[in-house]
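Hi everyone, thanks for making time for this.

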Amino acid sequence: MQVVKYVFQPHGDDRGQLVALEEIKDIPFKIKRVYYMYDTKEGVVRGYHAHKNLQQILVCIHGSCKIRLDDGKEKKIIPLEKPYEGLYVSNNMWREMFDFSPDAVLMVLASELYDESDYIRDYDEFLKSVSIEG
Ligand code: T46
């Protein structure tokens, strides 16, 4: 599995840092939705699903967390702890988010609007769908 992590350009000066993200230029898709999670309780694991079409970029803009990616053949754990790093998560990729620090804010840039029918929440169904794909 190839893990695609983006390192964004911080525009730093003596006031501090600013990161700007533009669709297509900095992000490989048009951004249709932004959401973020915060105040995640200790020991919580979120996710446990894949998407049929959705592509996303995950940025832990404050604090830290870990992402487990699983393409049906291989699993990888990717720590996110820098506000200028983004993890690309493609469709057909099982994801779990865990180990959130109490101050973690995980922001997600998404290629599609929210659509419950795009979720694959059953792990066996996910394995079947990726094996059919080849
Ligand atoms: C993903 C990972 C990284 C909405 O109403 N609109 C939205 O755009 C989203 C993302 C969620 N919701 C509602 C649906 C649920 O009632 O917010 C609630 C929590 O969503 P969910 O349990 O799906 O959250 P996670 O953290 O398990 O997964 C989320 C995204 O849903 C998912 O697409 O890839 O973050």
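A quick word on the ground rules. What you see is a predicted model, where local features need pLDDT of at least 70 and side-chain atom pairs count only at pLDDT 80 or more, while totals for chains, interfaces and linings use all residues. Residues are numbered from 1 along each chain as its sequence is written, and side-chain values use heavy atoms, with hydrogens and water left out.

So, how many salt bridges does a search of the whole structure find? The search gives ten, where a salt bridge is a side-chain nitrogen of Lys or Arg within 4 Å of a carboxyl oxygen of Asp or Glu.

Let's start with glutamate 112 and lysine 32, whose side chains form a salt bridge at 3.4 Å, N to O. This pair links distant parts of the chain, 80 residues apart: glutamate 112 is in the loop between strands S9 (105-110) and S10 (119-120), and lysine 32 is in the loop between strands S1 (4-7) and S2 (33-38). For the cut-offs, buried is under 20% relative accessible area, exposed is over 50%, and partly exposed is in between, with a 1.4 Å probe and protein chains only.

Next come aspartate 99 and lysine 66, in a salt bridge at 2.7 Å, N to O. Aspartate 99 sits in the loop between strand S8 (94-98) and S9, and lysine 66 in strand S5 (65-70), so the pair ties together parts 33 residues apart in sequence. Aspartate 99 is partly exposed, at 45%, as is lysine 66, at 29%.

Is each one buried or partly exposed? Arginine 68 is partly exposed at 24%, whereas glutamate 96 is buried at 12%.

These two residues are also bridge partners across the strands. S5 and S8 pair antiparallel over five bridges; two strands pair if DSSP finds at least two bridges between them. They belong to an open, antiparallel sheet of five strands, ordered S6-S5-S8-S3-S10. Strands S6 (75-80) and S10 are at the edges with a single partner each, so one side of each has no neighbour in the sheet.

How values were computed. Helices (H or I, at least four residues) and strands (E, at least two) are DSSP runs, numbered from the N terminus.
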